[in-house]
Amino acid sequence: MRPLAAIFGCAGTSLTADERALFREADPLGFILFARNIGTPDDVRALVADMRACVGRADAPVLIDQEGGRVARLKPPHWRKAPPALTFVERAREVGEAAAMSALRANFRLIARDLAELGVTVDCAPVADVPVPGAHDVIGDRAYGTDPAAIGRYGRAVADGLLDGGVLPVLKHIPGHGRARADSHLELPVVEASADELERTDFVPFKALADLPWGMTAHIKFLAFDPDRPATISPVTIEAVIRRRIGFQGLLLSDDLSMKALVGDMGSRTLACLDAGCDAVLHCNGDFTEMKAVAAAARPLNDAALARVRSAETLRRARAENGFDAAADRAALAAFLAA
(Lines give C-alpha, C1' and ligand atoms only; values in the text may rest on other atoms or scores of the structure.)
Protein backbone atom coordinates (compact mmCIF):
# COMPACT_ATOMS: atom_id res chain seq x y z
CA MET A 1 0.00 0.00 0.00
CA ARG A 2 1.20 3.51 -0.83
CA PRO A 3 1.00 6.23 1.82
CA LEU A 4 -1.67 8.89 1.48
CA ALA A 5 -0.40 12.12 -0.10
CA ALA A 6 -0.90 14.05 3.14
CA ILE A 7 1.00 15.12 6.23
CA PHE A 8 -0.96 15.71 9.43
CA GLY A 9 -0.48 17.43 12.75
CA CYS A 10 -2.19 16.44 15.98
CA ALA A 11 -3.92 18.28 18.80
CA GLY A 12 -1.66 17.80 21.83
CA THR A 13 1.46 16.26 23.33
CA SER A 14 0.11 12.73 22.85
CA LEU A 15 -2.26 11.12 20.38
CA THR A 16 -5.92 10.62 21.20
CA ALA A 17 -7.61 7.31 20.47
CA ASP A 18 -9.46 8.95 17.55
CA GLU A 19 -6.22 10.31 16.08
CA ARG A 20 -4.57 6.90 16.28
CA ALA A 21 -7.53 5.30 14.54
CA LEU A 22 -7.55 7.92 11.79
CA PHE A 23 -3.81 7.64 11.18
CA ARG A 24 -3.95 3.85 11.07
CA GLU A 25 -6.77 3.91 8.54
CA ALA A 26 -5.56 6.80 6.39
CA ASP A 27 -1.81 5.95 6.43
CA PRO A 28 -0.56 9.50 5.77
CA LEU A 29 2.90 10.06 4.32
CA GLY A 30 4.01 11.68 7.57
CA PHE A 31 3.38 14.12 10.40
CA ILE A 32 4.28 17.63 11.56
CA LEU A 33 4.89 18.98 15.06
CA PHE A 34 3.97 22.40 16.46
CA ALA A 35 4.49 24.13 19.79
CA ARG A 36 1.26 22.63 21.14
CA ASN A 37 2.80 19.17 20.67
CA ILE A 38 6.02 19.89 22.58
CA GLY A 39 6.50 18.75 26.18
CA THR A 40 9.72 17.32 27.54
CA PRO A 41 12.19 15.64 25.18
CA ASP A 42 10.90 12.26 26.34
CA ASP A 43 7.33 13.38 25.60
CA VAL A 44 8.28 14.37 22.06
CA ARG A 45 10.17 11.14 21.43
CA ALA A 46 7.14 9.14 22.62
CA LEU A 47 4.78 11.15 20.41
CA VAL A 48 6.99 10.70 17.34
CA ALA A 49 7.27 6.95 17.98
CA ASP A 50 3.49 6.68 18.43
CA MET A 51 2.87 8.52 15.15
CA ARG A 52 5.13 6.16 13.27
CA ALA A 53 3.63 3.11 14.97
CA CYS A 54 0.20 4.15 13.69
CA VAL A 55 1.33 3.91 10.06
CA GLY A 56 3.74 1.01 10.59
CA ARG A 57 6.66 2.79 8.93
CA ALA A 58 9.76 3.48 11.00
CA ASP A 59 10.96 5.98 8.37
CA ALA A 60 7.70 7.94 8.06
CA PRO A 61 8.77 11.60 7.78
CA VAL A 62 8.17 13.75 10.84
CA LEU A 63 8.46 17.49 10.16
CA ILE A 64 8.91 20.61 12.25
CA ASP A 65 9.48 24.33 11.66
CA GLN A 66 12.77 25.02 13.44
CA GLU A 67 14.27 28.01 11.65
CA GLY A 68 15.61 29.84 14.70
CA GLY A 69 14.43 33.23 15.86
CA ARG A 70 10.65 33.59 16.15
CA VAL A 71 9.90 30.43 14.16
CA ALA A 72 11.03 27.70 16.53
CA ARG A 73 8.80 24.99 17.97
CA LEU A 74 11.53 23.70 20.29
CA LYS A 75 12.37 26.31 22.91
CA PRO A 76 14.38 26.73 26.12
CA PRO A 77 14.81 25.32 28.70
CA HIS A 78 15.04 21.97 26.93
CA TRP A 79 16.48 23.28 23.66
CA ARG A 80 18.89 25.97 22.54
CA LYS A 81 17.56 29.31 21.32
CA ALA A 82 18.98 29.71 17.82
CA PRO A 83 19.41 33.14 16.19
CA PRO A 84 17.10 34.36 13.40
CA ALA A 85 18.32 34.34 9.82
CA LEU A 86 19.04 38.05 9.66
CA THR A 87 21.58 37.81 12.48
CA PHE A 88 23.97 35.92 10.22
CA VAL A 89 23.59 38.45 7.43
CA GLU A 90 24.23 41.38 9.78
CA ARG A 91 27.30 39.70 11.33
CA ALA A 92 28.63 38.95 7.84
CA ARG A 93 29.05 42.70 7.29
CA GLU A 94 31.61 42.70 10.12
CA VAL A 95 33.33 39.32 9.85
CA GLY A 96 32.78 38.40 6.21
CA GLU A 97 30.34 36.17 4.40
CA ALA A 98 32.54 33.06 4.55
CA ALA A 99 32.63 33.18 8.36
CA ALA A 100 28.87 33.75 8.48
CA MET A 101 28.24 30.80 6.18
CA SER A 102 30.41 28.55 8.30
CA ALA A 103 28.62 29.63 11.47
CA LEU A 104 25.22 29.21 9.83
CA ARG A 105 26.05 25.67 8.73
CA ALA A 106 27.21 24.89 12.28
CA ASN A 107 23.99 26.39 13.67
CA PHE A 108 21.88 24.08 11.54
CA ARG A 109 24.02 21.06 12.29
CA LEU A 110 23.20 21.71 15.95
CA ILE A 111 19.51 22.13 15.13
CA ALA A 112 19.65 18.87 13.20
CA ARG A 113 21.21 17.14 16.19
CA ASP A 114 18.35 18.32 18.42
CA LEU A 115 15.79 17.10 15.90
CA ALA A 116 17.45 13.76 15.23
CA GLU A 117 17.56 13.01 18.96
CA LEU A 118 13.76 13.33 18.96
CA GLY A 119 13.25 11.26 15.81
CA VAL A 120 12.33 14.31 13.69
CA THR A 121 13.72 13.87 10.18
CA VAL A 122 12.54 16.94 8.21
CA ASP A 123 13.00 20.65 9.03
CA CYS A 124 10.98 23.24 7.13
CA ALA A 125 13.97 25.44 6.27
CA PRO A 126 15.64 27.22 4.51
CA VAL A 127 13.52 30.29 3.83
CA ALA A 128 14.69 31.51 0.40
CA ASP A 129 12.21 34.37 -0.01
CA VAL A 130 13.50 37.76 -1.18
CA PRO A 131 11.81 40.56 0.80
CA VAL A 132 11.06 43.89 -0.88
CA PRO A 133 10.25 47.27 0.70
CA GLY A 134 6.64 47.43 1.82
CA ALA A 135 6.21 43.68 2.13
CA HIS A 136 4.38 42.21 5.12
CA ASP A 137 6.70 41.29 7.99
CA VAL A 138 5.50 37.66 8.08
CA ILE A 139 8.89 36.91 6.48
CA GLY A 140 10.92 39.79 7.95
CA ASP A 141 14.01 38.60 9.85
CA ARG A 142 13.38 35.04 8.70
CA ALA A 143 14.94 36.03 5.35
CA TYR A 144 18.69 35.98 4.67
CA GLY A 145 18.82 39.60 3.60
CA THR A 146 17.64 41.06 0.30
CA ASP A 147 20.39 40.06 -2.18
CA PRO A 148 18.92 37.17 -4.21
CA ALA A 149 22.26 35.52 -4.98
CA ALA A 150 23.43 35.77 -1.36
CA ILE A 151 20.12 34.32 -0.14
CA GLY A 152 20.81 31.29 -2.31
CA ARG A 153 24.25 30.88 -0.73
CA TYR A 154 22.90 31.21 2.80
CA GLY A 155 20.15 28.74 1.95
CA ARG A 156 22.77 26.25 0.82
CA ALA A 157 24.56 26.56 4.17
CA VAL A 158 21.27 25.87 5.98
CA ALA A 159 20.51 22.84 3.83
CA ASP A 160 24.03 21.44 4.15
CA GLY A 161 23.97 21.87 7.92
CA LEU A 162 20.69 19.99 8.23
CA LEU A 163 21.84 17.22 5.92
CA ASP A 164 25.12 16.93 7.84
CA GLY A 165 22.95 16.02 10.84
CA GLY A 166 20.71 13.58 8.96
CA VAL A 167 17.71 15.91 8.62
CA LEU A 168 16.06 16.80 5.31
CA PRO A 169 15.67 20.51 4.44
CA VAL A 170 12.48 21.94 2.92
CA LEU A 171 12.96 24.82 0.49
CA LYS A 172 10.29 27.46 1.08
CA HIS A 173 8.18 29.23 -0.05
CA ILE A 174 8.37 28.43 -3.79
CA PRO A 175 8.18 30.46 -6.02
CA GLY A 176 8.59 33.28 -3.47
CA HIS A 177 6.80 34.95 -0.56
CA GLY A 178 9.00 38.05 -0.32
CA ARG A 179 6.70 40.42 -2.22
CA ALA A 180 3.56 39.52 -0.28
CA ARG A 181 1.89 42.58 1.25
CA ALA A 182 -0.40 40.40 3.33
CA ASP A 183 0.02 37.40 5.62
CA SER A 184 -1.15 34.30 3.77
CA HIS A 185 -2.20 32.82 7.11
CA LEU A 186 -4.96 35.45 7.11
CA GLU A 187 -5.68 36.37 3.47
CA LEU A 188 -4.49 35.76 -0.09
CA PRO A 189 -1.55 37.98 -1.13
CA VAL A 190 -1.42 39.07 -4.77
CA VAL A 191 1.88 39.80 -6.56
CA GLU A 192 1.72 42.07 -9.60
CA ALA A 193 5.39 41.94 -10.62
CA SER A 194 6.19 40.95 -14.20
CA ALA A 195 7.61 37.57 -15.14
CA ASP A 196 10.91 39.24 -16.07
CA GLU A 197 11.18 41.00 -12.71
CA LEU A 198 10.43 37.80 -10.82
CA GLU A 199 13.01 35.96 -12.91
CA ARG A 200 15.68 38.56 -12.09
CA THR A 201 15.05 38.58 -8.34
CA ASP A 202 12.58 36.28 -6.59
CA PHE A 203 13.42 33.12 -8.51
CA VAL A 204 17.21 33.46 -8.22
CA PRO A 205 17.69 31.78 -4.80
CA PHE A 206 15.14 29.08 -5.60
CA LYS A 207 16.98 28.23 -8.82
CA ALA A 208 20.23 28.02 -6.87
CA LEU A 209 18.60 25.57 -4.46
CA ALA A 210 16.44 23.67 -6.94
CA ASP A 211 18.29 20.42 -6.23
CA LEU A 212 17.03 20.24 -2.62
CA PRO A 213 14.98 17.13 -1.82
CA TRP A 214 11.81 18.77 -0.47
CA GLY A 215 10.07 22.08 -1.16
CA MET A 216 6.97 23.94 -0.03
CA THR A 217 4.68 26.14 -2.09
CA ALA A 218 3.62 29.72 -1.41
CA HIS A 219 -0.08 30.57 -1.06
CA ILE A 220 0.50 33.60 -3.29
CA LYS A 221 -1.30 34.63 -6.48
CA PHE A 222 1.18 35.67 -9.20
CA LEU A 223 -0.75 37.65 -11.81
CA ALA A 224 2.05 37.19 -14.35
CA PHE A 225 1.35 33.45 -14.48
CA ASP A 226 -2.17 32.75 -13.21
CA PRO A 227 -4.53 35.64 -12.45
CA ASP A 228 -7.11 33.35 -10.90
CA ARG A 229 -5.32 30.96 -8.52
CA PRO A 230 -2.55 31.04 -5.90
CA ALA A 231 0.57 29.04 -6.72
CA THR A 232 -0.37 26.12 -4.48
CA ILE A 233 -3.48 25.31 -6.52
CA SER A 234 -2.30 26.58 -9.92
CA PRO A 235 -1.26 23.89 -12.45
CA VAL A 236 0.28 26.65 -14.57
CA THR A 237 2.42 28.07 -11.75
CA ILE A 238 3.51 24.66 -10.49
CA GLU A 239 4.40 23.21 -13.89
CA ALA A 240 5.59 26.26 -15.83
CA VAL A 241 7.26 28.14 -12.97
CA ILE A 242 8.22 25.79 -10.12
CA ARG A 243 9.06 22.72 -12.16
CA ARG A 244 10.34 24.31 -15.40
CA ARG A 245 11.53 27.91 -14.85
CA ILE A 246 12.94 27.28 -11.39
CA GLY A 247 13.76 23.64 -12.09
CA PHE A 248 12.71 22.21 -8.75
CA GLN A 249 12.24 18.44 -9.09
CA GLY A 250 12.04 17.41 -5.44
CA LEU A 251 8.99 16.49 -3.38
CA LEU A 252 6.60 19.46 -3.56
CA LEU A 253 4.50 19.97 -0.45
CA SER A 254 1.66 22.46 -0.17
CA ASP A 255 1.84 25.09 2.54
CA ASP A 256 -0.76 24.54 5.28
CA LEU A 257 -4.23 23.81 3.90
CA SER A 258 -5.89 25.55 6.83
CA MET A 259 -4.42 28.98 6.02
CA LYS A 260 -6.99 31.57 4.99
CA ALA A 261 -5.29 32.35 1.69
CA LEU A 262 -7.11 29.27 0.38
CA VAL A 263 -10.88 29.02 0.10
CA GLY A 264 -13.37 26.16 0.11
CA ASP A 265 -13.73 23.18 2.41
CA MET A 266 -10.77 20.97 3.30
CA GLY A 267 -11.74 18.31 0.80
CA SER A 268 -11.87 20.74 -2.12
CA ARG A 269 -8.60 22.37 -1.04
CA THR A 270 -6.92 18.97 -0.90
CA LEU A 271 -8.07 18.02 -4.39
CA ALA A 272 -7.12 21.42 -5.80
CA CYS A 273 -3.55 21.10 -4.47
CA LEU A 274 -3.03 17.56 -5.72
CA ASP A 275 -4.68 18.25 -9.08
CA ALA A 276 -2.44 21.29 -9.54
CA GLY A 277 0.71 19.20 -9.11
CA CYS A 278 1.60 19.21 -5.42
CA ASP A 279 3.00 15.82 -4.45
CA ALA A 280 1.39 15.94 -1.00
CA VAL A 281 -0.72 18.29 1.11
CA LEU A 282 0.12 19.64 4.55
CA HIS A 283 -2.55 20.05 7.24
CA CYS A 284 -1.18 21.62 10.39
CA ASN A 285 -3.77 22.76 12.92
CA GLY A 286 -4.66 19.35 14.37
CA ASP A 287 -8.41 19.86 13.90
CA PHE A 288 -9.75 16.32 13.82
CA THR A 289 -12.81 17.02 11.66
CA GLU A 290 -10.67 18.80 9.08
CA MET A 291 -8.13 15.97 9.05
CA LYS A 292 -10.89 13.47 8.35
CA ALA A 293 -12.02 15.57 5.39
CA VAL A 294 -8.46 15.80 4.04
CA ALA A 295 -7.97 12.04 4.46
CA ALA A 296 -11.21 11.33 2.62
CA ALA A 297 -10.28 13.55 -0.33
CA ALA A 298 -6.58 12.76 -0.69
CA ARG A 299 -5.21 9.91 -2.76
CA PRO A 300 -2.11 7.75 -2.44
CA LEU A 301 1.23 9.11 -3.58
CA ASN A 302 1.69 8.78 -7.32
CA ASP A 303 4.76 7.15 -8.87
CA ALA A 304 6.73 10.39 -9.21
CA ALA A 305 5.99 11.50 -5.66
CA LEU A 306 6.88 8.10 -4.22
CA ALA A 307 10.19 8.13 -6.10
CA ARG A 308 10.93 11.60 -4.71
CA VAL A 309 10.20 10.47 -1.15
CA ARG A 310 12.51 7.49 -1.53
CA SER A 311 15.28 9.53 -3.15
CA ALA A 312 15.14 12.07 -0.33
CA GLU A 313 15.31 9.39 2.34
CA THR A 314 18.30 7.77 0.61
CA LEU A 315 20.05 11.14 0.63
CA ARG A 316 19.21 11.73 4.29
CA ARG A 317 20.59 8.37 5.39
CA ALA A 318 23.76 8.77 3.33
CA ARG A 319 24.52 12.23 4.72
CA ALA A 320 23.67 11.20 8.31
CA GLU A 321 26.48 8.64 8.25
CA ASN A 322 29.15 11.35 7.99
CA GLY A 323 28.81 12.66 11.56
CA PHE A 324 30.14 15.93 13.00
CA ASP A 325 31.63 17.41 16.17
CA ALA A 326 28.78 19.15 18.04
CA ALA A 327 31.08 20.59 20.71
CA ALA A 328 33.27 22.21 18.06
CA ASP A 329 30.19 23.63 16.33
CA ARG A 330 28.85 25.10 19.57
CA ALA A 331 32.20 26.75 20.26
CA ALA A 332 32.52 28.11 16.72
CA LEU A 333 28.98 29.47 16.73
CA ALA A 334 29.44 31.12 20.12
CA ALA A 335 32.67 32.75 18.95
CA PHE A 336 30.99 34.02 15.78
CA LEU A 337 28.09 35.56 17.70
CA ALA A 338 30.37 37.11 20.32
CA ALA A 339 33.06 38.45 17.99
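Colleague: What covers the buried residues of α1?
Modeller: This is a predicted model, in which local features need pLDDT of at least 70 and side-chain atom pairs count only at pLDDT 80 or more, while totals for chains, interfaces and linings use all residues. Residues are numbered from 1 along each chain as its sequence is written, and side-chain values use heavy atoms, with hydrogens and water left out. Helices (DSSP runs of H or I, at least four residues) and strands (E, at least two) are numbered from the N terminus. Taking contact as heavy atoms within 4.5 Å, the cover includes β1 (4-8), β2 (28-33), α2 (41-55) and α10 (288-297).

Colleague: Which residues of helix α1 (residues 17-26) are buried?
Modeller: Buried means under 20% relative accessible area and exposed over 50%, with partly exposed in between (1.4 Å probe, protein chains only). The face turned away from the buried side of α1 carries the exposed Ala17, Arg24 and Glu25. The buried residues of α1 are Glu19, Leu22, Phe23 and Ala26.

Colleague: Which side chain of opposite charge is nearest to aspartate 256?
Modeller: Aspartate 256 is found in strand β11 (residues 251-256), and, leaving aside neighbours within four places in sequence, is in contact with His219, Leu262, Leu282, His283 and Cys284. Lys and Arg count as positive and Asp and Glu as negative, whereas His and the chain ends are not counted. Aspartate 256 is buried yet has no salt bridge (a side-chain nitrogen of Lys or Arg within 4 Å of a carboxyl oxygen of Asp or Glu). At 7.4 Å away, the nearest such side chain is arginine 269.
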